[in-house]
Amino acid sequence: MFDNDIIQHSINKRRRYANDLILLAALLMVSVSVLIILRIFVGKGAYISINIMDQNGKSGGTGVEYRHSLDDDGYFVFYEDEYGDITACFYSDEEYEEAGGENVCNILRISDGSADMIYATCPDQICVNTGPAFKTGQSVVCLPHRIIITVVSGENMNGDHDTYNDDGLDAVTW
Amino acid sequence: MVRQDKRTLNIAYMGLCLALSLILSYVESLIPFNFGIPGIKLGLANLCVLILLYVCGYKEALIVDIIRVILAGFMFGNMSMMMYSLAGAILSYMIMAFLFRTDRFSPIGVSLGGGVAHNTGQLIVAMFALDTFSMIYYIAPLIISGALTGALLGFIATLVLPAINRSSELKNLSLDSENKD
């Protein structure tokens, strides 16, 4: 197609397309090997941090934060009471079958090392349409219900170990 | 005389491609492309850089690329997004110019490398700006999506470039020694 180009080509079209495929294969191999190398050296389990902002919406207000390991499969069910306050409760897969369904506004499912919002009563459904979050930095957010879920690692870039939930608490309010 | 005409034609093409790249940047801003990396973009405007690289030359493509980043940053984005765009655009231009110079790849391949470099540059800036090393895991989907958009743009370029070549003005200024009238 571009044999008629102004610039004289020294090799023909077929060879160029072959080179393109080689380039693509090389790039894919690079990405795979980067993942493998990272998996070997940086194998930290991931957690999710669930933040429920209070109705004032200001940072530093009395929000609630949970940390939960992504290896721990189950469901986070969010309830909204008549005052508009949101609380969350975690159920393992078996408990989830039994759980009641009143006042449920969101359901977050933890499985396969990812967190996915599978149910929400908000009108825009952005949180549901966001795919599962599994990598550090990914997040699932339901703004109408003030729910922010972020995938965090156990360590930050400086290597400081986060001793946040060593005392076995599920939630901390401030 | 021929050299002066070619320069005028280059300027015209640069203006055209700059305008086109701004439109593409606008379209880009409408498409929600979010991987959790703030400021990441699809890289559609690379099409214009690619076309200029083939039609005009290295300098022209680079000039339009930089101007486009600045203008589109002011028009459709914010300062922080401009930083990501600049990194992506510069790295993408370097890779595309290099691949183009080796003269061993089709426009699809050149654009493929450019798309991957575009996303990689943005990822590197994001990793430094947010101080999060573990974002490097994004390199896998970014390479794939960069290759996909790059290949698509390259394919479009293979359709567009022969049409440009057929235009009569360019024939008269062709770099070939003989005129094909």
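The exercises below concern chains A and B of a predicted model.

**Exercise 1.** State how confident the prediction of chain A is, and locate a stretch where the pLDDT is below 50.

*Solution.* Start with the chain as a whole. Chain A has a mean pLDDT of 73, and 70% of its residues reach 70 or more. Next, go to residues 155-170 of chain A, where the pLDDT is below 50. In the model this stretch has 12 contacts beyond near neighbours in sequence.

**Exercise 2.** Describe the secondary structure, burial and contacts of chain A.

*Solution.* First count the elements: chain A holds three helices and nine strands. Then put them in sequence order, which gives α-β-β-β-β-α-β-β-α-β-β-β. For burial, take the 174 residues of chain A; 20% of them count as buried. Finally, consider the contacts in chain A with a separation of 6 or more: 43% of these come from residues 24 or more positions apart.

**Exercise 3.** How many residues of helix α2 of chain B are buried?

*Solution.* The helix spans residues 46-55 of chain B. Going through α2(B), the buried residues are B:Asn46, B:Leu47, B:Cys48, B:Val49, B:Leu50, B:Ile51, B:Leu52, B:Leu53, B:Tyr54 and B:Val55. The count is 10 of the 10, so α2(B) is largely enclosed by the rest of the structure. Just after this helix, B:Gly57 takes a positive phi of about 155°.

**Exercise 4.** Compare the reach of helix α5 of chain B with the expected value, and give its burial.

*Solution.* Helix α5(B) runs over residues 107-130 and has 24 residues. From its first C-alpha to its last it reaches 34 Å, close to the 34 Å expected at 1.5 Å a residue. As for burial, 19 of the 24 residues of α5(B) are buried, and the helix is mostly covered. Just after α5(B) comes B:Asp131, with a positive phi of about 55°.

**Exercise 5.** Classify the arrangement of α2(B) and α5(B), and list the residues that make the contact.

*Solution.* Begin with the axes of α2(B) and α5(B): they come within 11 Å and cross at roughly 135°. An angle over 145 degrees would count as roughly antiparallel, and 65 to 115 as roughly perpendicular. The two helices, α2(B) and α5(B), are therefore oblique to each other. The crossing in which α2(B) passes α5(B) is right-handed. On the α2(B) side, the contact is made by B:Asn46, B:Leu50 and B:Tyr54. On the α5(B) side, the contact is made by B:Pro107, B:Val110, B:Ser111, B:Gly114, B:Gly115 and B:His118.

Definitions and conventions: Residues numbered from 1 in each chain as written. Chains lettered and ligands numbered in written order. Predicted model: local features only at pLDDT ≥ 70, side-chain atom pairs only at ≥ 80, totals over all residues. pLDDT = per-residue confidence, 0-100. Contact = placed C-beta atoms within 7 Å. Buried ≥ 20, exposed ≤ 12 C-beta atoms within 10 Å, placed from the backbone. Helix = DSSP H or I, 4+ residues; strand = E, 2+ residues; numbered from the N terminus. Expected span 1.5 Å × (residues − 1). Axes fitted to C-alpha atoms, helices over the stretch in contact; angles between N-to-C directions. Parallel < 35°, antiparallel > 145°, perpendicular 65-115°, else oblique. Left-handed = near helix turned anticlockwise from the far one by under 90°.
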